[in-house]
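Visitor: I have a model open and want to learn how to read it. Where do we start?

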Amino acid sequence: LTWLGAFDDDGALAGAVAWEETAEEIDLNRLMVAPAAHRRGIGRALVKEVMARAGGRRVVVSTGRANAPARMLYERLGFTLIGESEPVPGLWVVHYASG
């Protein structure tokens with residue numbers, strides 16, 4: 001995985017994103033924001049940076065079906081719902097793709 005961090009004014013890690021990439025697409029694997037830094041645009045900035053680094057490649061991401069804040073973030077950034085799956089009984093995951 002390739003990691004990118006976001007730091008607050010005191011130098012503390014406020015959020016991080018990790019992804020894998022191929023010639024065709026970027027798979028956004030992890031997005032984490034420290035609870036004290038929620039609702040400050042850090043997650044949005046990190047995802048936008050990955051999208052900028054994609055260089056025209058498709059960006060894909062999966063998240064929990066019930067994770068409304070994450071789903072709203074991806075949808076507001078233009079991601080489209082492409083499906084859902086149940087990898088283990090009772091755990092529903094939704095899949096998004098950019099562009």
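Guide: With the naming of elements. Helices (H or I, at least four residues) and strands (E, at least two) are DSSP runs, numbered from the N terminus. S98, for instance, lies in the segment after β6. Keep in mind that this is a predicted model.

Visitor: Is S98 buried or exposed?

Guide: Buried means under 20% relative accessible area. S98 has 13% relative accessibility, so S98 counts as buried. Setting aside neighbours within four places in sequence, S98 is in contact with M51, R57, R58, V59 and F79.

Visitor: How many bridges join β1 to β2?

Guide: There are 6 bridges, and the two strands run antiparallel. G5 has A16 in β2 as its bridge partner. β1 and β2 form a hairpin, with 5 residues between them. Look at G11 in that turn: its phi is positive, about 85 degrees.

Visitor: And how many bridges join β3 to β4?

Guide: Here 4 bridges join β3 (residues 25-33) to β4 (residues 58-64). These two strands run parallel.

Visitor: Next, charges. How many salt bridges does the structure hold?

Guide: It holds 4 salt bridges. The cut-off is a side-chain nitrogen of Lys or Arg within 4 Å of a carboxyl oxygen of Asp or Glu. Take E25 and R58: their closest N and O atoms are 3.0 Å apart. E25 lies in strand β3 and R58 in strand β4, so the pair ties together parts that are 33 residues apart in sequence. Both ends are partly exposed: E25 at 24% relative accessibility, R58 at 39%.

Visitor: What residue does E84 form a salt bridge with?

Guide: The partner is R65, with the closest N and O atoms 2.9 Å apart. This pair links distant parts of the chain. E84 is in strand β5, R65 in the loop between β4 and α2, and 19 residues separate them. E84 is partly exposed, with a relative accessible area of 42%. R65 is partly exposed too, at 36% relative accessibility.

Visitor: How many residues apart are E49 and R53?

Guide: They are 4 residues apart in helix α1, which means about one helical turn between them. E49 counts as partly exposed at 32% relative accessibility, and R53 at 42%.

Visitor: Where is E24 placed?

Guide: E24 is in the loop between β2 and β3. Its relative accessibility is 60%, so E24 counts as exposed. E24 and R58 are 34 residues apart in sequence, yet 6.9 Å apart in space, C-alpha to C-alpha. Not counting residues up to four places away in sequence, E24 touches R57 and R58.

Visitor: One last case. What is the nearest side chain of opposite charge to R71?

Guide: That is E75, 4.2 Å away. R71 is buried yet has no salt bridge. Check the backbone next: the side chain of R71 reaches the backbone oxygen of R65 at 3.0 Å. R71 sits in helix α2. Beyond its neighbours within four places in sequence, R71 is in contact with T63, G64, R65, L81, V94 and Y96.

Conventions: Residues numbered from 1 in each chain as written. Predicted model: local features only at pLDDT ≥ 70, side-chain atom pairs only at ≥ 80, totals over all residues. Heavy atoms only, no water. Pairing = 2+ DSSP bridges. Buried < 20%, exposed > 50% of the residue type's maximum accessible area, 1.4 Å probe, protein only. Lys, Arg positive; Asp, Glu negative; His and termini not counted. Polar contact = N/O pair within 3.5 Å; in protein donor to acceptor, adjacent residues only side chain to side chain. Contact = heavy atoms within 4.5 Å.
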